[in-house]
Amino acid sequence: MKIAPAAWRAAFCAVLGVGIAQAQTFPAKPIELTILWAAGTAPDVVGRALGEGMARQLGQPVLAVNKPGAGGAVAYRYVANQPPDGYALIMNSNSISTAYHSGTLPFDYHAFTPIAQVSIESPILVARADAPYSNLVELLAYARQHPGDLKVGNSGVGSHLQIASESFFEQQRVEVAHIPFASSISITNLLGGYIDASMTLPGSVAPHVAAGTLKVLGVLAAQRDPTFPQVPTAIEQGYDFKADMWRGVAAPKGLPDDVRARLEQAIRATVESEDFKRRGLQNGFQPVFLEHAAFDQTIAKEDAVIATALDKLGLKKSQ
C-alpha cells in the first residue's frame, strides 16, 4: 500500500513534534546528581549548592546522592550504567583520570558526556598550629632532616589529593610516609597528632584554621586561594608545582544535544549567581564555569598530565 505524500508529511511532522515536545518539557521528573564522596566533604558541599541552584532553574528537584568508594570508581560505575537521558548526572573531577590510570576503573572519561565545569579547588598542605614549620620551605627542610619520618595524610588511594601529595614530594626528592585516609579522617588524625601534615582542600579545614588549631603551609595551585589569600602558592615559595582540582557535571555517554544544552544553561545560571559565589567563598571553592566543549578539552589535557604523573610514581596500571 502506497502512502500519499501528504499523509507521509503529516506522520513525519507528528513524530518530529513529539521529539520537540519532549525536549521542551525536559526535565519532567527529578534529576539525580551523584557525588563521589561522603556527605559533608568538599565535593558534597559543591554538589549540593549546585543542585539547589539547578533545581531553581529547571523547575524540578536535583537530588544529591552520595556514592563514595574506591577513589570515585563506585560512583563512576553507577552513573555510567544509567540511561543517557539527562536524569542521571555525576559531579566528576580529576578523579576520573586518577581512578582509570591507577587501575580502579575499567573505563576513562570517554564513557561520559561532559556538560560543564563548575568550580576549581586548591589542594593545600596543612599542619597543626604548633608544628615546627610554617611554610613549605620549612616543611621540606624538616622532612630532609628526618627522612621517612614525616607522615602526610591524603584523601585516599587513587584520589587526586594522593597523587598531588606524592607528586609534590617526589618532585622535591623528599622522602615522607604517605598515609591515605578519607578526607575527614585525615584531618581528625592530624588534629590528634597521629600524622604530621595533610594534603586537603580549603573547605575541609577552614573552620580549624579560623579556630587556630591548624595552619596552611602552602597552596598547590596556579593562584592563591580566596579562602586563605595570605598564604602563598608553592610556585611563590620557589617550587614549580600546581595541582588544581576541577569539578564539573557529566552524564552517561550518548546524552542528546538538546538535553545537554538545557542542563548546561541551568548550570551556567547557577555558577554565575551571587548565591553560588557567596557559598564558594564560605566553603572554600571557586566558581569557574566552562561550557561543554572547553570542559572536554580541560578533561583531556588533565588526563594526559595525570597519566604522566602516575607513571613517574610507578602507580600507573596497564589497562
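Residues are numbered from 1 along each chain as its sequence is written, and side-chain values use heavy atoms, with hydrogens and water left out. In this predicted model, local features need pLDDT of at least 70 and side-chain atom pairs count only at pLDDT 80 or more, whereas totals for chains, interfaces and linings use all residues.

The average pLDDT (the predictor's confidence in each residue, from 0 to 100) is 90 for the protein, and 91% of the residues score at least 70. Where pLDDT is low, the predicted coordinates should not be read in detail.

A nonpolar core is a set of buried Ala, Val, Leu, Ile, Met, Phe, Trp, Tyr and Cys residues joined through side-chain atoms within 4.5 Å; buried denotes under 20% relative accessible area, exposed over 50%, and partly exposed in between (1.4 Å probe, protein chains only). The largest such core comprises 27 residues, and Leu50, Leu89, Ile115, Val249, Leu263 and Ile267 have the most contacts inside it. Two or more residues each come from strands S1 (31–35), S3 (88–93), S4 (112–121) and S10 (245–252) and from helices H2 (42–58) and H9 (257–271). Helices (H or I, at least four residues) and strands (E, at least two) are DSSP runs, numbered from the N terminus. Beyond its neighbours within four places in sequence, Leu263 contacts Phe26, Ile31, Met54, Leu58, Gly86, Leu89, Ile115 and Leu255. A second, separate core of 26 residues includes Ala164, Phe169, Ala234 and Phe241.

H2 also packs with helix H10 (residues 274–283) at an angle of about 170°, the axes lying 11 Å apart. The two helices are therefore roughly antiparallel (angles over 145 degrees). At this contact, Val45, Val46, Ala49, Leu50, Glu52 and Arg56 of H2 meet Asp275, Phe276, Arg279 and Asn283 of H10.

Two loop residues were also examined. Asn94, in the loop between S3 and helix H4 (95–101), is buried at 0% relative accessibility. Not counting residues up to four places away in sequence, Asn94 touches His160, Asp244, Met245, Trp246, Glu302 and Ile306. Val157 lies in the loop between strand S6 (151–154) and helix H6 (160–171) and is exposed, with a relative accessible area of 56%. Leaving aside neighbours within four places in sequence, Val157 contacts Gly71, Gln162 and Pro180.

Notes
Contact = heavy atoms within 4.5 Å. Axes fitted to C-alpha atoms, helices over the stretch in contact; angles between N-to-C directions. Parallel < 35°, antiparallel > 145°, perpendicular 65-115°, else oblique.
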